[in-house]
Amino acid sequence: MKIETIKCIFSGLAYPYIPVLTIVNRRCDMVKPVGPLMIEHRLIERMISVMDNEMKRLEKGGEPDPAFIETAVGFIRNYADRCHHGKEEDILFRDLKSVDMREHDDKVMKELIVEHEWARDTTGKLVKAKEDYVRGVDGAVDRIIKMMGELVTFYPQHIEKEDKDFFPASMQYLDEQEEQEMLEEEYEFDKNFIHVLYKDIVEDAENRFK
Ligand SMILES: [Fe+2]
Ligand SMILES: [Fe+2]
């Protein structure tokens, strides 16, 4: 897809949290680097919504579905964390660390980094609870419900903090040239991501089944 096509798509989208003008500049001819990240938030919200439904089913006494948990965890780890948090931490936050930001913005960025760590840790606990459930360990279902509930509560709050607060604020520190370079780096990251992901999958398979 050409960048020109992507610009058209972005300019036509309606966002629930902030006006589209905060994603594209006023001449509507340039995508802000936070634009792709906000698009990704919408997909994360959809999976979190499915997890919420599944958690409520378990709260009513339903049996956990290990295959669903593996799917949800795979999405969180690969898409929400490696691909999405990866671009936030390794591109956006990386560049802003060398900027003299307002105290509030600096504080929020540090909170977001800690929250990413928390999400990784909690996702790991959900995997452990699922494995314990498969092995028949007592209390595993309660831990699955607890960890799913924590992730379902966490992600909308984290996303709102970025969409409404940090992302708009962060764009004030970049000039147009820096925005364009950051955007190109994000596209490059995404272009390479599928190859990095499947290389890791093959290497993991080789290690497990040699
Ligand atoms: Fe984030
Ligand atoms: Fe995010």
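Trainee: So a residue is buried if 20 or more other C-beta atoms lie within 10 Å of its own C-beta. On that basis, what is the count of buried residues in helix 6?

Mentor: Three, among the 33 residues of helix 6, so the helix is hardly covered under that cut-off. Keep in mind that this is a predicted model.

Trainee: Which residues of helix 6 are buried?

Mentor: Met182, Leu183 and Glu186.

Trainee: And what do they pack against?

Mentor: The buried residues of helix 6 pack against helix 2 and helix 3, the latter covering residues 66–97.

Trainee: How far does helix 6 reach?

Mentor: Helix 6 runs over residues 176–208, and its first and last C-alpha atoms are 47 Å apart, close to the expected 48 Å. There is also a kink in helix 6 of about 35 degrees, centred on phenylalanine 193.

Trainee: Back up a bit. What is the secondary structure of the chain?

Mentor: Six helices and zero strands. Read from the N terminus, the order is α-α-α-α-α-α.

Trainee: What pLDDT does the chain average?

Mentor: The average is 89, and 86% of the residues score at least 70. Residues 1–22 have a pLDDT below 50; that stretch has 24 contacts in the model beyond near neighbours in sequence.

Trainee: What share of the chain counts as buried?

Mentor: 21% of the 210 residues. As for contacts, among those between residues at least 6 apart in sequence, 74% join residues at least 24 apart.

Trainee: Now helix 2. Which of its residues are buried?

Mentor: Val34, Gly35, Pro36, Leu37, Met38, His41, Ile48, Met51, Glu54 and Met55.

Trainee: What span should helix 2 have, and how far apart are its end C-alpha atoms?

Mentor: Helix 2 has 26 residues, 34–59, so at 1.5 Å a residue it should span 38 Å; the end C-alpha atoms are 36 Å apart, which agrees. After helix 2 comes glycine 61, with a positive phi near 105 degrees.

Trainee: Which residues touch the most other members of the largest nonpolar core?

Mentor: Met51, Leu126, Ile144, Met147, Met148 and Leu151, out of 16 residues in that core. Helix 2, helix 3, helix 4 (103–134) and helix 5 (140–170) each supply at least two of its residues. Helix 5 gives the largest share, six residues.

Trainee: Where does another core lie?

Mentor: Apart from that one; this other core has six residues, including Met38, Met109, Phe166 and Phe167.

Trainee: What does isoleucine 144 touch?

Mentor: Leaving out residues up to four places away in sequence, isoleucine 144 touches Leu58, Pro64, Ile69, Leu126, Ala129, Lys130 and Tyr133.

Trainee: Changing topic: where does methionine 101 lie?

Mentor: In the loop between helix 3 and helix 4.

Trainee: Why does methionine 101 count as partly exposed?

Mentor: Because it has 18 C-beta neighbours inside 10 Å, and a buried residue needs 20 or more. Beyond four places in sequence, methionine 101 is in contact with Leu96, Asp106 and Tyr173. Its C-alpha atom is 7.6 Å from that of tyrosine 173, 72 residues away along the chain.

Trainee: Last one: where is arginine 120 found?

Mentor: Arginine 120 is in helix 4. It is partly exposed because 14 other C-beta atoms are within 10 Å.

Notes. Residues are numbered from 1 along each chain as its sequence is written. Chains are lettered from A and ligands numbered from 1 in the order in which they are written. This is a predicted model: local features need pLDDT of at least 70, side-chain atom pairs count only at pLDDT 80 or more; totals for chains, interfaces and linings use all residues. Helices (H or I, at least four residues) and strands (E, at least two) are DSSP runs, numbered from the N terminus. The expected span of a helix is 1.5 Å times one less than its number of residues. A residue is buried if 20 or more other C-beta atoms lie within 10 Å of its own, exposed if 12 or fewer, and partly exposed in between; C-beta atoms are placed from the backbone. The bend at a residue is the angle between axes fitted to the seven residues ending there and the seven starting there. Two residues are in contact if their C-beta atoms, placed from the backbone, lie within 7 Å. pLDDT is the predictor's confidence in each residue, from 0 to 100. A nonpolar core is a set of buried Ala, Val, Leu, Ile, Met, Phe, Trp, Tyr and Cys residues joined through C-beta atoms within 7 Å.
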